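Please open the model in your viewer and keep the selection tool at hand. The stops below say what to select next and what is there.

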Amino acid sequence: MGRMYASATLPDPYPIVLPADTRAVGQEPFLQVGDPVRWRFRRFDFAHHGTEVVHPMTVVRDDARGAVLWMSGGTPVQNSRISGWEDVNPHRVPHEVRFRPADTALPRVTVPGEWTGTGVLRIVPAGLPFSVWLFWDAPEAPSPRESTFRGWYVNLEHRHVRARGEDGVVDHYSSDHTLDLWITCTGHVRLKDEDELVAAEAAGMWSPEIVRTIRAEADLALEAWHTGHWAFDAEWTRWAPPA
């Protein structure tokens, strides 16, 4: 399983609604290469509106270390948007509208969309509160030599659990924690959306304890990067989807 991280015992910062029969990623039975997976982001206030983000993905690898999943550009997805703000990029929604405690949150609706731009490879390390997203300028080129690796987007989130849906497709459940890291192909690291994390705490959407946990997750992710966690192995920067 590799290095044990001292901060890996951080609890998920808040509970989310989950099916009763979930199991953690990294636990058997494992999925096969090419199996479909639905990546489901559920908000802390899911019980109030029942909407979620759903990304259809394909298994690249799945074992005790975690999961590696792929989604092509143009893939149809499902989004969760605040009612009346469906056509606005969520990052452009005013903070006073977007960040509210669950009991005062505005109604949300399900909105269809598609994954814009190039495809994305996502690595879900077992037992850690983040996933690592790899981006290229042309990841669906016939050869890795014809694409340019841009960097790693580290998405802080709940540890993934999974359950098989009624249609037989496996669902991955997680919850986005707002704060992220961007690590360029040259190794430059910066925090992303820290202003939104501050706004969420100021609005009372998240408590100071939740925010402290999320910031500790960022420290853990940086530790994983600096110590060479397998999710950052160079082999994945050269990966290309099969034709």
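A residue is called buried when its relative accessible area is under 20%, exposed when over 50%, and partly exposed in between, using a 1.4 Å probe and protein chains only. This is a predicted model, in which local features need pLDDT of at least 70 and side-chain atom pairs count only at pLDDT 80 or more, while totals for chains, interfaces and linings use all residues. Residues are numbered from 1 along each chain as its sequence is written, and side-chain values use heavy atoms, with hydrogens and water left out.

Select Val-53 to begin, which is found in strand β3 (residues 53-63), where strands are DSSP runs of E of at least two residues and helices runs of H or I of at least four, numbered from the N terminus. Val-53 counts as buried because its relative accessible area is 18%. Its contacts (heavy atoms within 4.5 Å), leaving aside residues up to four places away in sequence, are Trp-39, Arg-40, Phe-41, Gln-78, Asn-79 and Ser-80.

Next, select Leu-121, Phe-130, Leu-134, Trp-206, Phe-232 and Trp-236, which touch the most other members of the 39-residue largest nonpolar core, a core being a set of buried Ala, Val, Leu, Ile, Met, Phe, Trp, Tyr and Cys residues joined through side-chain atoms within 4.5 Å. The helix α4 gives the most to this core, with 8 residues.

Finally, move to His-229, in the loop between α4 (208-226) and α5 (234-237). His-229 counts as buried because its relative accessibility is 10%.
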